[in-house]
Structure formats: structure tokens, C-alpha cells
Amino acid sequence: MRDTIDRVQLNRRGLLSSLAGSVAALGTGILSTSVRAETEEVLTEALVLRDPEIPVAGNASGDISIVEYFDYQCPYCRKVDPELQQVVHDDGKVRLVLKDWPILGPMSVTAARLAQASKYQDKFVESHDALIAINSKLTEAKIREALAAGGIDMDRLDRDLTSHAKDIDATLMRNNDQASAFEFRGTPSFIVGKFRVPGVLTMAQFTQAIADARKAASVKKK
């Protein structure tokens, strides 16, 4: 897949100043007035950071959220995942919110819907880990094989996929509406704290972005 995101290569020293031109505070300055009016329901802080339909990885009680909009067929998502997971683990106080944004074809949608169905057996994180690790073009057979190997009850998965179809589709639509409203142009894209980060960061840059988000939050509280 060709990279469709405007990617700015940031060094750690220049991260803060560079982000100033590429991120915006959540809910302020991201969208035009007319677009905000049309999308305000999906862009509330509660739905972006704490959507009850999206299971949380990392520390569910953490003080900072990282929201990732991703596609299981995106090679950049696969590449960044181990580094992002390591940063979240090392920090210990980050909520990781993984939002399926299946924009790369029918198999992306299939993978996203199956991953979403797994949350009804409390296995979404396990499903995500299994699917994001597939380093080849997805097929339904590969998806199902990876999920089964990840400990997912496949019979229940199929039942939940059918019985919760409307809820799953609503969640995926909401994710898409948010990503579109944030003017993300591809996967992966992130919200760190209350700042928009369209594109891939390194481990050091994620760490710095988390620190900046905490600093912004502490200033707001004063």
C-alpha cells in the first residue's frame, strides 16, 4: 500500500514545535464551524476517548489516553504496534484505545468485524494482537486461523457476529465518522491526550507526546 498520509519525520528535539503545526487540541480548532456542527455528536470527548463499545488496553485507569485508528491490513500499523505497545507498557499509566478503521478493502472489514465480535467474550485485545501480527495479505482463512490460535472461541464468535451485527456496524461507522471529522488521511492515526497526531511516531516521539499531553493536562487543571 502506498502511504497516503502526509508524514513529517520528527526528531525528539523538534517534536513539540513540529507537532504544533500538525496537531490540534481535541474539540478546538480541528474543524470548521459547519463541520463541527455536523459531527459534534461523534467528536465528544466521551466518545473519542472513552467510547463504551471500545475495550481498553494498557492501564484502563491511566491518566492519559492514546487512541489509535488502524487497519489490520496496514503495514504501518503492523510496524508501529510493537513499539506503541512497549511505550504503553513502560509508561504504565496510559490507556490504549484501539479503534478499527477498515479502509483498505473487504478483508479489512471482515477482520474488524470479527475483532469487534470477540469483545463479547472479553477477547478483543487478544484478537487485536493476533490479527495485527499477520504479516501478509489477509484472507478470511488466515484471519480465522489467527483468532483460533489466539484463544478465541470461534463458535461463540460467529454467534456474536450475527447477534451483535448492528452494534458492531454502528461502532465501525462511529470510528469512521470520527476519523473523517479529524481529517485523518490514512492509517495509523492517533489522538494522544487531547491532541491529534496524523501519522506514525517512533518510541521516543510517543514518549515525548505523552509527556506533552500530561503537561497540557496539568496546566489546564491549574
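The structure holds zero disulfides, a disulfide being a pair of cysteine sulfur atoms within 2.5 Å. This is a predicted model, in which local features need pLDDT of at least 70 and side-chain atom pairs count only at pLDDT 80 or more, while totals for chains, interfaces and linings use all residues. Residues are numbered from 1 along each chain as its sequence is written, and side-chain values use heavy atoms, with hydrogens and water left out.

**Cysteines**

- A disulfide is a covalent bond between the sulfur atoms of two cysteines.
- The cysteine sulfur closest to that of Cys74 belongs to Cys77, and because the separation is 3.0 Å, it is too far for a bond.
- Cys74 is buried, at a relative accessible area of 0%; buried means under 20% relative accessible area, exposed over 50%, and partly exposed in between, with a 1.4 Å probe and protein chains only.
- Cys77 is likewise buried, with a relative accessible area of 1%.

**Helices α4 and α6**

- Two packed helices are described by the angle between their axes and the distance between the axes.
- Helix α4 (residues 75-91) and helix α6 (residues 124-132) have axes that come within 10 Å and cross at roughly 130°.
- Helices (H or I, at least four residues) and strands (E, at least two) are DSSP runs, numbered from the N terminus.
- Axes are lines fitted to C-alpha atoms, for helices over the stretch in contact, and angles run from 0 to 180 degrees between N-to-C directions.
- α4 and α6 are therefore oblique to each other; angles under 35 degrees count as roughly parallel, over 145 as roughly antiparallel, 65 to 115 as roughly perpendicular and the rest as oblique.
- On the α4 side, Cys77, Arg78, Asp81 and Gln85 meet His128, Asp129 and Ile132 of α6, where contact means heavy atoms within 4.5 Å.
- By class, this contact of α4 with α6 has two nonpolar, two polar and three charged residues; Ala, Val, Leu, Ile, Met, Phe, Trp, Tyr, Cys and Pro count as nonpolar, Asp, Glu, Lys and Arg as charged, and the others, Gly among them, as polar.

**The five-stranded sheet**

- Five strands form an open sheet with mixed pairing, in the order β1-β3-β2-β4-β5; two strands pair if DSSP finds at least two bridges between them.
- The edges are held by β1 (56-58) and β5 (195-197), each with a single partner strand, so one side of each has no neighbour in the sheet.
- From one strand to the next, the twist averages 25°.
- β1 and β3 run antiparallel and are joined by three bridges; Gly58 has Arg95 in β3 as its bridge partner.
- β2 and β3 run parallel, joined by seven bridges, and Tyr69 stands opposite Lys99 in β3.
- Strand β2 (residues 64-70) pairs with strand β4 (residues 189-192) in the antiparallel sense over four bridges, and Glu68 stands opposite Phe190 in β4.
- In strand β3 (residues 94-100), seven of seven residues are buried.
- Both faces of β3 are covered, with Val94, Leu96, Leu98 and Asp100 buried on one side and Arg95, Val97 and Lys99 buried on the other.

**Surroundings of Ser108**

- Ser108 lies in helix α5 (residues 106-118) and counts as buried, at 1% relative accessibility.
- Although Ser108 and Tyr72 are 36 residues apart in sequence, they are 6.0 Å apart in space, C-alpha to C-alpha.
- Leaving aside neighbours within four places in sequence, Ser108 is in contact with Asp71, Gln73, Pro102 and Ile103.
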